[in-house]
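Thanks for coming. I will go through one model, from its domains down to a helix pair and a hairpin.

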Amino acid sequence: MTKASEERMKAAREVLTQYILTKHCRKTPERYALLDAAYSITGQFTVDTLQEHVAKKMMISRVTVYNNLELFVKIGLVVKHPTPGLVKYEVCYQNNTHHQLLCTVCGSSTIFLDSELSDSILKRKFLKFHSTNCSVIVYGICSKCRARQAREKKKLNIKNTKK
Ligand SMILES: [Zn+2]
């Protein structure tokens, strides 16, 4: 793990601790193990992949993993991606350069970095809102799906001409 990502994990832990203290939640080791595991994953992950990841340290039930992820989303440490079919999560705290290309057909996504894009959005003033980080999702169709669609269209045309 790089020094930058270690610092980021530390900062995220601090946010969680503050939340727990103000809301008087239980300060369970599971929560921190899950947060650490999430912050050690690069890119997107599902409830199952996070559960597998944390299993090296601790056995945590799927429901607990899910509930904690929802808490992390609520306090801005993790974002939920609107992937068709499967919910994916990604850490977002102090991570303002990650954007993604999302295929609306198969749900695959590719991460790209563009700090200029993030900076230009973060420079904007929003009414009654203080922005801290951002992630842009570009919706579209991946090349594999485009190729498949082209093949299916061709097949359909052949069928039609045979009639
Ligand atoms: Zn696709």
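How many residues of domain 1 are in contact with domain 2? Before I answer, this is a predicted model, where local features need pLDDT of at least 70, side-chain atom pairs count only at pLDDT 80 or more, and totals for chains, interfaces and linings use all residues. Residues are numbered from 1 along each chain as its sequence is written.

Domain 1 is 1-95 and domain 2 is 96-163, with bounds from an automatic or database domain assignment. In contact with 10 residues of domain 2 are 10 residues of domain 1, contact meaning C-beta atoms, placed from the backbone, within 7 Å. On that side of domain 1 there are 4 nonpolar, 6 polar and no charged residues. Here Ala, Val, Leu, Ile, Met, Phe, Trp, Tyr, Cys and Pro count as nonpolar, Asp, Glu, Lys and Arg as charged, and the others, Gly among them, as polar. Taken over C-alpha atoms, the domain centres are 25 Å apart.

Now the helices. Helices (H or I, at least four residues) and strands (E, at least two) are DSSP runs, numbered from the N terminus. In α1, Arg-8, Met-9, Ala-12, Arg-13 and Leu-16 meet Arg-31, Tyr-32, Leu-35, Asp-36 and Tyr-39 of α2. That contact has 6 nonpolar, no polar and 4 charged residues.

Last, the hairpin. Strands β3 (residues 98-103) and β4 (residues 109-113) run antiparallel, joined by 5 bridges; pairing requires at least two bridges found by DSSP. His-99 has Phe-112 in β4 as its bridge partner. Between the strands lie 5 residues, and Gly-107 in this hairpin takes a positive phi near 80°.

Key. Two residues are in contact if their C-beta atoms, placed from the backbone, lie within 7 Å.
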